[in-house]
Structure formats: C-alpha cells, structure tokens
Amino acid sequence: MRRLLLPALAGALLLTGALGASPSGASPAPSGAVPSAGAPAVPLADTWSPPLSTRGRYIVDADGDRFKLKSANWQGAQGSWNGSGDINDPANHHDGEKADQMPLGLDRAPISRILATFHELGINSIRLPFSNQMLHDSAPVPDASVAANPQLRGKTPLQVFDAVIEATTAEGFAVVLNNHTNTSRFCCGLDGNERWNTSQSTARWENDWISLARRYKDNKRVVGADLYNEVRRTVTDDANWNWGNDHDWWAASQRLGDRLLTEANPDLLIVVEGINWQGIPADGLPHGRPTLEPVRTLSHTLVRSHKLVYAAHFYGYTGPNHTGATGMGETHDPRYQELSRDELFATLDRQAFYVAGAPGTGQHFTAPVWISEFGIGGDEGSAQARAWFGNFVDHLIARDADFAYWPLIGWSGHGTWSLVNYDRSGGRSGVLDGGDWRTADWRRLVSSPEKSGPVPASDTWSMLNLDHADAVQSASVRAAGDWDAGARKGVCPDGQRTIGLSDRNGRALCTDVAAGALAAPGTAPTVVRDERYVQQGDWATGYTKYQCGPNQFVIGHSVRGQAVSGVLCATANRALPTQGRTVWFDRGDNRPGGNPGGDFAYGNYKGQCANGEYAAGVAFTKAWAKSGAPAALLCRTL
C-alpha cells in the first residue's frame with residue numbers, strides 16, 4: 001500500500017511498507033470463478049473446515065484439503081491519522097479517509113453489502129489489522145462513522161471489531177488478525193510503530209495478543225495471528241534476527257508464537273513477517289530489506305508443529321535496498337519496478353518465495369509463504385509500474401502463492417489503491433465495476449490454476465536454537481518441568497527426534513523423516529548425564545559418551561556454555577535395531593548428501609544421521625584444548 005511519507009527525518013530513515021488490514025476470507029473460490037460485476041454473491045461458508053494448519057508449503061483445513069489464502073486487507077482499525085494536526089479533521093488522515101479505529105466503509109455501506117462484495121471479488125480470507133491503542137479505547141465510536149450500520153452506534157472500537165469479525169466469519173471467510181501498530185497512527189515510517197515494543201512494552205504486546213486470541217478462541221474461522229507488521233528501523237536502532245536483546249524480532253516472535261499456542265488458542269496459525277528494513281538509507285551506508293532471507297539459516301520452531309506461516313510484503317515503488325522514498329531519503333538502488341522481469345523473479349525468490357520451495361523438498365525453514373501485502377493505484381499512469389504489477393501477479397500465479405492485496409476498501413475520490421471504493425451515498429466503484437485497469441490482472445490472479453484437494457502429509461524438519469536461551473519445543477517435556485536446571489536445553493517438538501547437532505552453541509536439527517512419531521505414548525523421557533547406558537562396544541574411544549538406553553532415541557540435549565551437560569531420551573513405540581555407526585563432526589561437517597533439512601548451524605561444524613537412522617548418543621571430551629562440545633553422534637538404523 002502507499003506509505004505515509006514522513007518529510008525531513010523520514011528522508012534519512014523512511015521505510016516503506018504497507019499498512020496492514022484485516023484478511024478476510026471465505027473458503028477458496030472455485031477455479032476460474034471471479035464473478036463479473038453484478039454477479040450474485042455465492043456464500044462459501046461450508047466449503048472448508050476449520051481450524052487450519054500446514055503441510056509443508058501448503059495451508060490445509062481440518063480435512064487435510066489445501067486452503068489457499070486468497071485474501072485482501074480490510075484496513076482501518078489500526079488507525080488512519082497521519083500524526084500531525086487535529087485528529088478530528090479528515091484532512092489529517094491518510095488519503096482523507098478517517099477510519100476512527102474501525103474497518104473502513106461502515107459509514108457508507110451496510111456490512112452485509114460489503115461482505116457480498118468480498119464474495120464477488122473471489123477472496124476467501126481477510127487480513128484484519130488493529131492497533132494496541134484501539135484495543136484499550138473505551139470511548140464509543142462517532143455515530144457518523146457507522147451511519148450505514150446503525151446497530152453499531154454506541155459501541156467501542158473493539159466492540160465494532162467484534163461485530164465485524166462475527167459477520168465476516170459467519171459468511172465463511174477466514175480472518176487473520178494482524179497487529180499493525182502500537183498506536184492508532186497510519187503506518188509505516190518513523191511513526192513510533194517501527195517495532196512491536198517501540199511505543200509500548202513487550203509485556204503489553206504479548207498480553208494484548210493473549211487476550212485477543214482468547215477473545216476469539218471459540219470462533220474457529222478466526223484462523224491466524226499475524227504478530228506484527230513491517231518490523232523496521234527506528235531513528236537510532238535496527239530490529240535484528242537473533243542478537244538476543246530486546247530488539248530481537250526472531251526471539252520476540254518465537255516467544256509470542258509459543259505463548260499463543262500454549263496459553264490462548266492451539267488452533268491458530270502463527271504468521272511471522274520478516275524484517276522490513278535495516279540500516280540508514282543513504283548511498284555508501286549499509287541498508288536493505290532483509291524480508292525472509294534470514295530464515296534460511298535461522299527459522300522458527302513452534303511448540304505446536306504445523307502452525308507456522310511466513311509472510312512478506314512487496315510494492316513496486318520500493319526495492320530490495322530502496323525505501324520507496326523520492327527526494328530526501330532516496331538512494332540510487334533500484335526499485336522492484338525498475339528490475340527486469342527475470343531480475344524481479346530471482347529477487348522475489350531470494351527474498352521470500354524460496355521458503356515455500358517445491359513440494360517434497362523439506363528444509364527446517366519450509367513453510368507456506370503468504371504475500372500479505374502488495375498493491376498499486378487504480379489511477380497509476382506509469383507503464384513501468386503497471387508492468388511490475390502484471391509481472392508480480394504472474395509470479396504469484398507461477399508460485400501458486402497465498403496472497404493478500406492492500407487495501408480492500410476505500411472512499412471514492414480519496415485513495416485509489418483500494419479494490420473497492422464507496423462514495424457517501426454507498427455507490428460502489430473499483431475492479432468490479434468497470435474502468436479500472438487492474439481488473440484483468442485481479443481476475444486472472446483469483447481464478448488461476450492452483451493446487452487443490454487433499455495435501456499428503458510431508459516429512460517435518462525443525463531446528464533448535466540455543467544461542468541465547470532454552471529451546472524446549474516439546475509441549476510434553478515443558479509440562480514435566482526443568483530437567484537440567486541451569487543448563488541451556490533444546491528438545492524437539494513432540495513427534496520428532498534429534499537427527500543432527502552442531503559443535504557450537506547447542507543448535508540441533510529435528511525430524512520425523514522415515515519414522516513418523518516414534519515415541520511410545522505415555523512414557524516419560526529419560527535424562528542421561530553419565531555413561532551407564534553405553535552398550536554394544538566403545539563407539540567413541542577416549543570420549544565421554546551419553547547414550548540412550550535400549551529402544552530409546554535422542555529427542556533433546558543440554559549444554560553449559562559450549563559443553564554437553566545432558567541428553568534426553570524417549571522410549572520408542574517399537575524395538576529399535578542396535579547396529580549403527582559413529583558420525584564425527586569435531587573437525588568438519590559430516591552430513592548426508594543433498595543437505596536434508598537444510599543448514600541449521602551456519603558457520604559451525606555439524607553432524608547428522610542419515611534419514612533412515614536415529615541418534616542414540618552424543619560423545620564429547622574435555623581433554624586439553626577441547627571444550628566439551630558435541631564431537632560425535634551415535635547413529636543407528638531405524
């Protein structure tokens with residue numbers, strides 16, 4: 001979406017990104033069905049079954065059928081004020097559209113009519129943005145702002161939000177909640193909303209999310225939590241990916257995702273956007289748009305598997321190293337719309353689409369990728385910009401990607417980026433009503449061929465990051481308490497086993513490949529901190545060996561500094577063979593060919609069992625010049 005460009009200071013640091021709005025969605029429209037203007041709305045409430053989860057690169061419903069997010073952003077509840085001037089004057093709101101912390105359009109058309117239009121558009125889901133400020137505003141909304149929906153008079157913004165969600169999901173649309181801003185100010189520049197904790201504490205951010213997730217827990221068509229919109233640089237500091245401080249977006253999103261699934265609603269999809277901007281946008285200084293590139297070497301592993309979705313935003317006037325500014329703050333880096341078609345596709349794949357990959361090519365980072373914002377103006381006259389939009393739609397189609405257009409609703413005579421605009425009398429215009437150059441691209445996007453029907457279960461790969469803290473991603477082990485107090489602990493999600501270890505920082509790789517859920521249900525894991533279970537000979541002469549007992553396999557480990565502290569073993573649901581081999585990795589990588597699971601500890605030595613093996617033990621030494629770090633794995637045939 002178009003950005004609120006802040007003058008002066010923004011010139012140096014202005015970040016582009018789009019304002020997020022709520023994803024609306026009913027079940028996926030049938031292939032080829034983008035109704036023409038005036039076509040009757042066809043409710044799709046019964047064509048998909050919540051809750052949603054993931055299988056490899058796809059989102060699936062409760063029946064295991066693919067549910068492609070064909071979404072748009074219903075903006076407004078995140079705030080529209082530009083940040084200066086009288087907040088009650090519409091002129092001081094983005095595009096003159098004063099939202100009053102509510103989804104736009106409620107003053108101009110009954111919600112039933114708005115939702116019928118969503119059906120006509122061919123979407124099945126809504127990204128619904130909100131601000132933390134809106135959640136706590138107890139003042140009733142102005143009557144004029146809900147003129148076309150008098151049943152909403154006297155309600156607070158959050159109560160209006162409730163009503164919108166109830167009506168939207170009743171029509172069969174899936175809703176993904178998006179925490180767009182801290183304050184109710186239009187995003188996204190140097191606006192006090194750069195990070196989840198710029199204008200509020202991390203604790204408030206987390207607690208607001210827990211409260212909201214619980215609020216809608218019983219509405220199963222509220223399917224996802226998009227944790228924060230377009231994380232970016234403040235005037236003085238960047239958000240980062242795994243520095244271990246209070247600006248660490250990887251750690252913050254990992255923690256909140258786990259809390260939502262364990263404390264609020266285990267059915268939610270957890271949507272994590274990459275970092276939207278780092279650095280000072282000036283020629284000669286490092287700067288850029290990381291998006292999802294850091295995920296390749298450090299992905300999220302949630303305590304509940306098959307719930308992670310990654311997201312990214314793309315606009316033609318921005319670029320991989322261009323904020324989108326014009327004049328002050330503009331650099332000589334290319335914008336996306338200035339790249340050739342081939343360069344654009346390669347850049348998009350490098351920055352985001354690689355995460356989804358191809359079916360059957362599992363890595364620790366493999367997950368659905370939702371392009372949760374992209375868009376262009378209906379009055380765009382630039383041939384270059386129009387060509388970018390057509391090329392971008394081509395790439396979405398070629399990658400069969402989940403998407404959410406920005407924005408969905410606007411006011412006639414104000415913003416032109418909206419798919420649908422309403423005038424003061426409720427008259428509608430936009431891509432459904434003729435005269436909009438985007439119509440052809442939109443129609444081919446929502447009606448393009450796509451994977452549909454049942455999605456087979458795929459192998460799961462996950463990584464554990466102990467760089468700064470525990471990574472106990474097993475719900476059952478968490479419930480049992482601390483099994484090695486004072487050590488940093490990593491435990492695979494329930495249903496997975498340890499298959500690889502790093503020699504530094506305690507990172508590990510988990511999987512269910514070739515075995516599925518191997519642990520016997522109802523059995524407690526065994527903590528191993530000595531050599532009492534070493535059997536079938538000395539498999540690492542001169543080294544200390546922590547080995548699981550008979551018919552057990554490694555699901556976790558602990559370290560103190562770099563040194564091994566313990567191994568956690570689970571009992572298998574069947575007899576396990578004892579023939580095996582020692583995999584040494586103290587002097588270099590020792591992993592199977594083909595990079596199964598991906599690089600889970602970039603820059604460090606790694607040992608990994610073959611797909612058809614299980615890890616039965618870990619060897620290490622504290623001899624001279626050794627740190628006690630993992631040096632070898634005992635790998636045995638499944």
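## Terms and model

Two strands pair if DSSP finds at least two bridges between them. Helices (H or I, at least four residues) and strands (E, at least two) are DSSP runs, numbered from the N terminus.

This is a predicted model, in which local features need pLDDT of at least 70, side-chain atom pairs count only at pLDDT 80 or more, and totals for chains, interfaces and linings use all residues. Residues are numbered from 1 along each chain as its sequence is written, and side-chain values use heavy atoms, with hydrogens and water left out.

## The sheet with β17

Four strands form an open sheet in the order β17-β21-β20-β27, with antiparallel pairing. At its edges stand β17 and β27 (606–608). Each has a single partner strand, so one side of each is left without a neighbour in the sheet. From one strand to the next, the twist averages 25°. Such angles run from 0 to 180 degrees between N-to-C directions, with axes as lines fitted to C-alpha atoms, for helices over the stretch in contact.

Strand β17 covers residues 461–464. Four bridges join β17 to strand β21 (residues 508–511), and the two run antiparallel. Trp461 stands opposite Thr511 in β21. Met463 stands opposite Leu509 in β21.

In a regular strand the side chains alternate between the two faces of the sheet. In β17, Trp461 and Met463 point one way, and Ser462 and Leu464 point the other way. All are buried, meaning under 20% relative accessible area; exposed is over 50% and partly exposed lies in between (1.4 Å probe, protein chains only).

## The sheet with β26

Another open sheet has four strands in the order β23-β28-β29-β26, also with antiparallel pairing. Its edge strands are β23 (544–547) and β26 (580–584), each pairing on one side only. The twist averages 30° from one strand to the next.

β26 pairs with strand β29 (residues 632–637) over five bridges, in the antiparallel sense. Trp584 has Ala632 in β29 as its bridge partner.

## Helix α4

Helix α4 (residues 157–170) has 14 residues. From first C-alpha to last it reaches 20 Å, close to the 20 Å expected at 1.5 Å a residue. The expected span is 1.5 Å times one less than the number of residues.

Which residues of α4 are buried? They are Pro157, Leu158, Val160, Phe161, Val164, Ile165, Thr168 and Thr169. Seen down the helix axis, they fall within an arc of 155°, so they line one face of α4. The arc is that of the directions from the helix axis to the C-beta atoms. On the other side, Glu166 and Ala170 are exposed. After α4 comes Gly172, whose phi is positive, near 95°.

## A buried Asn

Asn178 sits in strand β6 (residues 174–181). Asn178 is buried, with a relative accessible area of 0%. Its side chain makes a polar contact with the side chain of His180 (2.7 Å). A polar contact is a pair of N or O atoms within 3.5 Å; within protein, one must be able to donate a hydrogen and the other to accept it, and residues adjacent in sequence count only if both atoms are side-chain atoms.

## Nonpolar cores

A nonpolar core is a set of buried Ala, Val, Leu, Ile, Met, Phe, Trp, Tyr and Cys residues joined through side-chain atoms within 4.5 Å. The largest has 131 residues. Trp74, Phe118 and Trp249 have the most contacts inside it. Helix α6 (residues 249–264) gives the most to this core, with seven residues.
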